[in-house]
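Colleague: I would like to go through a structure with you. I will keep asking how you know each thing.

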Amino acid sequence: MERNELYPIFLKVSNLNVLIVGGGNVGLEKLTFLLKSSPNAQVQMVAPEFLSDTLELGEKHNVEITKDVYAEKFLKGKHLVVACTDNPEVNEQVYHDCRERSILVNVADNPPFCDFYMGGIVTKGNVKVAISTNGKSPTTAKRLRQFFEDVLPENIDDLVNNLNKYRKTLKGDFEQKVDALNEFTKGLVNKKD
């Protein structure tokens with residue numbers, strides 16, 4: 001069986017500079033996805049034209065909208081880039097420009113030109129679950145996201161906050177605290193015998 005070898009991380013995109021190259025439907029989708037998860041993300045979008053919905057969403061979230069064609073100068077100071085124009089040559093140029101500068105890049109719908117994928121995300125308070133299909137099936141990730149939205153209880157955030165308070169009261173070294181928390185939370189997982 002093929003194995004997903006991606007390393008999942010959660011980025012504080014409010015502390016990073018993100019560039020989205022493209023102002024069409026896919027650009028709107030990527031911006032919406034990013035801002036839904038991280039409403040305070042620091043984002044600049046570059047495209048000759050933008051959908052009105054993109055402009056409206058961008059204004060609501062202080063996205064820097066730049067009406068221009070892509071040029072490598074827009075990469076200055078960026079940490080993360082998403083290329084989603086309707087021109088494959090431009091998208092691939094963005095990829096190569098980013099790779100030369102060690103900037104993480106995602107070219108929409110082109111897995112060989114991606115350092116990362118934007119998977120399905122479920123958020124309930126402080127709990128966030130990310131789902132990846134290794135770029136193979138965004139539809140499966142979407143369905144799994146819907147499943148987890150249904151099965152994660154609405155009050156999961158109360159549990160997380162209570163466990164955080166309990167953790168702060170624990171004495172001992174790191175290992176002792178982990179053991180105490182593991183014992184306290186073992187009832188959350190139903191083990192099948």
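What follows is a conversation about the terms used for this structure and the values behind them.

Modeller: Keep in mind that this is a predicted model. The protein chain has six helices and seven strands. Along the sequence they follow the pattern β-α-β-α-β-β-α-β-β-β-α-α-α.

Colleague: How many residues are there in the protein chain, and what share is buried?

Modeller: There are 193 residues, and 33% of them are buried. The C-alpha atoms fill a box of roughly 55 × 40 × 30 Å along the principal axes.

Colleague: Let us turn to the sheet. What is the order of its strands?

Modeller: The order is 3-2-1-4-5. It is an open sheet of five strands with parallel pairing. From one strand to the next, the twist averages 15°.

Colleague: What makes strand 3 and strand 5 edge strands?

Modeller: Strand 3 (64-67) and strand 5 each pair on one side only.

Colleague: How do you know that strand 1 and strand 4 pair?

Modeller: Pairing needs at least two bridges. Strand 1 (residues 17-21) and strand 4 (residues 80-83) are joined by four bridges, so they count as paired. They run parallel. As one example, Leu19 has Val81 in strand 4 as its bridge partner.

Colleague: Which helix packs on the sheet there, and which strands are touched?

Modeller: Helix 3 does, and it touches strand 1, strand 4 and strand 5. The direction of helix 3 makes about 165° with that of strand 5.

Colleague: Now the rings. How many aromatic pairs does a search of the whole structure find?

Modeller: Two. One is formed by Tyr95 and Phe113.

Colleague: Why is the pair of Tyr95 and Phe113 called edge-to-face?

Modeller: Start with distance. Ring centres must lie within 6.5 Å to pair, and these are 4.8 Å apart. Then take the angle. Planes over 60 degrees apart count as edge-to-face.

Colleague: Where in the chain do the two partners lie?

Modeller: Tyr95 is in helix 3 (residues 88-100). Phe113 is in the loop between strand 5 (104-107) and strand 6 (120-124). They are 18 residues apart, and the pair links distant parts of the chain.

Colleague: Are Tyr95 and Phe113 buried or exposed, and how do you know?

Modeller: Buried means under 20% relative accessible area. Tyr95 has 14%, so it counts as buried. Phe113 has 17%, so Phe113 is buried too.

Colleague: What about the pair of Phe147 and Phe148: what makes it edge-to-face?

Modeller: The centres are 5.3 Å apart, within the 6.5 Å limit. The planes make 75°, over the 60 degrees needed, so this pair is edge-to-face.

Colleague: Why are Phe147 and Phe148 called partly exposed?

Modeller: That class lies between 20% and 50%. Phe147 has 45%, so it belongs there. Phe148 has 27%, so it does as well.

Colleague: Next, helix 5 and helix 6. How are they packed?

Modeller: Helix 5 (residues 156-169) and helix 6 (residues 174-185) pack at about 145°, with their axes 10 Å apart. The crossing is right-handed.

Colleague: Which residues make the contact?

Modeller: Helix 5 brings Leu163, Tyr166 and Arg167. Helix 6 brings Ala180, Leu181, Phe184 and Thr185. By class, that gives five nonpolar, one polar and one charged residues.

Colleague: How do you know whether Asn62 and Asp109 are buried or exposed?

Modeller: Exposed means over 50%. Asn62 has 69%, so it is exposed. Asp109 has 76%, so it is exposed as well.

Definitions and conventions:
Residues numbered from 1 in each chain as written. Predicted model: local features only at pLDDT ≥ 70, side-chain atom pairs only at ≥ 80, totals over all residues. Heavy atoms only, no water. Phe/Tyr/Trp six-rings, centres within 6.5 Å; stacked < 30°, edge-to-face > 60°. Helix = DSSP H or I, 4+ residues; strand = E, 2+ residues; numbered from the N terminus. Buried < 20%, exposed > 50% of the residue type's maximum accessible area, 1.4 Å probe, protein only. Axes fitted to C-alpha atoms, helices over the stretch in contact; angles between N-to-C directions. Contact = heavy atoms within 4.5 Å. Left-handed = near helix turned anticlockwise from the far one by under 90°. Nonpolar A, V, L, I, M, F, W, Y, C, P; charged D, E, K, R; others polar.
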